[in-house]
Amino acid sequence: MSGRTLYQKLWDAHVVRDFGDGSALIYVDRHLLQETSTHQSFAALRESGRAARRAETHLAVPDHAVPTDARGGPIVDALAEAQIAALKINARDFGIAHIDLEDARQGIVHVIGPEQGLTLPGITLACGDSHTSTHGAFGALAFGIGASDCATVIATQCLVQQRARTLEIRIEGTPGPWVGAKDLALALIGRHGTGFAAGHAIEYRGAAVEAMPMAARMTLCNMSIEAGARIGMVAPDATTFAWLRGRPYAPSGAMWYRAVDYWRSLASDAGAAYDRSLTLDVTGLAPQVTWGTSPQDAIAIDARVPHPDEAEDESEAQRRRRALAYMGLTPGMALCDISVDHVFIGSCTNGRIEDLRIAAEVASGRRVASTTRAIVVPGSTAVKRQAEAEGLDRIFTDAGFEWRHAGCSMCVAMNADRLQPGERCASTSNRNFEGRQGRGGRTHLMSPAMAAAAAIAGHLADVREVAA
């Protein structure tokens, strides 16, 4: 019998009932909730008279709609205020732990879950947000779900899921200076498209992945959904264990050693077979940036905006024409000739302390261009405190960046941080769809280092030149 992959081991360990048609009732170990996706869930539970089956396995925190410019005062946006208040009430009524807006642990769900040790190898974890794939960086089976599914998980601790096919992505080689996990993810999606991993659970492997710190692995897994996969994973190893040890929800004492012994067994077996395999050699890879309205519009910073006539078919040519019209760009223009009005450094993709450190390294001793407004939004209050202890906030503010409180911020236009029609943003977030950062806003995705370089230059820029 051939060996099993990481995904197959996690799936098999959580099957409550196999329906024999590729689907199964899966047990859900952990559930994260936030304010914009769960109000309907709790309403459905109240209507049916159902309670939380295991309230201690859930954690609620506001992140999407929260203001990042100030804390402690009234929330100007009435809808945001109502959503945040409702989450607190719902969590209280159902006995679910809640992290308040003023709590020192507050932040984006996909940042605080790992920070608190709620995210662990070997577990299943669900959340009403598509970027729940982030948690797969720890060797967890993590996926986003809808509002009705959130209610089902709260009430039953189980969910019917379709078994995914497996996709091995080997990342080999050594990235050059200023090339990080975001560049790798964009390069993959740029080469293979936003649907190449649809229906698959991705397992990232290879020398480049093994060398990554946990923050980089989380960035890589976070972007899996942009490749079409709900699930992205990295097998847990010594790097994982060192990062988790001592976290509030992590095992301790003798249980820690028993847990690590089990976690070590989760790695894919030597004889395991994947349904598909891809390899990306990152040797010589340039920093990546998107030009259009899809993450697949990612190209090297030293490239030029592609021409629709060069597309492989007419459908793609028409998509490119629409994207160029929306973005206000001309085929053949150099990416570095594109000016930016805003720069956003943050999000569940790139709002961790490691992301802020590299952005601060670029910003140190330099100034934000007079034509550009740049904001830095930590992914959690804990990240904010650590950055301030390291003096990163002063580096940013001295350079002309705005230093904010934790939240999803400009990643998604559900709060006060948003673009106006026609404004252009260099962003470390994960999506550049039309209107994602505000109606009519134009988004270019890139790494924290590249975003900091764009802020300094006032236009899309090659960080290798700006930081030289």
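Predicted model: local features only at pLDDT ≥ 70, side-chain atom pairs only at ≥ 80, totals over all residues.
Where does Thr5 sit? It lies in the segment before helix 1, and that helix covers 6–14. What does Thr5 touch, once we leave out residues up to four places away in sequence? The list is Thr166, Glu203, Ser268, Ala272, Ala273 and Tyr274. So much for Thr5.

Now a residue with another setting. Ala238 belongs to helix 9, residues 238–244. Is Ala238 buried or exposed? Its relative accessibility is 54%, and the cut-off for exposed is over 50%, so Ala238 counts as exposed. One distance to check on the screen: the C-alpha of Ala238 is 9.3 Å from the C-alpha of Val260. Along the chain, those two are 22 residues apart.

Next, the whole protein. How many helices and strands are there? The protein has 17 helices and 19 strands. Its radius of gyration is 21 Å. The globule rule gives 23 Å for 468 residues, and the two values are close, so the protein is as compact as a globular protein of that length. For the overall extent, look at the C-alpha trace. Along the principal axes it spans about 55 × 55 × 45 Å.

Back to burial, now for the protein as a whole. Of the 468 residues, 60% are buried. Contacts come next. Take those between residues at least 6 apart in sequence: 76% of them join residues at least 24 apart.

Then the surface. On charge, we have 46 positive side chains and 52 negative ones. The centres of the two sets lie 4 Å apart.

Strand 16, residues 373–376, pairs with strand 17 in the parallel sense. Two bridges make up that pairing. Pick Val376 on your screen. Its bridge partner in strand 17 is Trp403.

That's the tour. Questions, please.

Technical notes. Residues numbered from 1 in each chain as written. Heavy atoms only, no water. Helix = DSSP H or I, 4+ residues; strand = E, 2+ residues; numbered from the N terminus. Rg over C-alpha atoms; globule rule 2.2 N^0.38 Å. Buried < 20%, exposed > 50% of the residue type's maximum accessible area, 1.4 Å probe, protein only. Contact = heavy atoms within 4.5 Å. Lys, Arg positive; Asp, Glu negative; His and termini not counted. Charge placed at Lys NZ, Arg CZ, Asp CG, Glu CD. Pairing = 2+ DSSP bridges.
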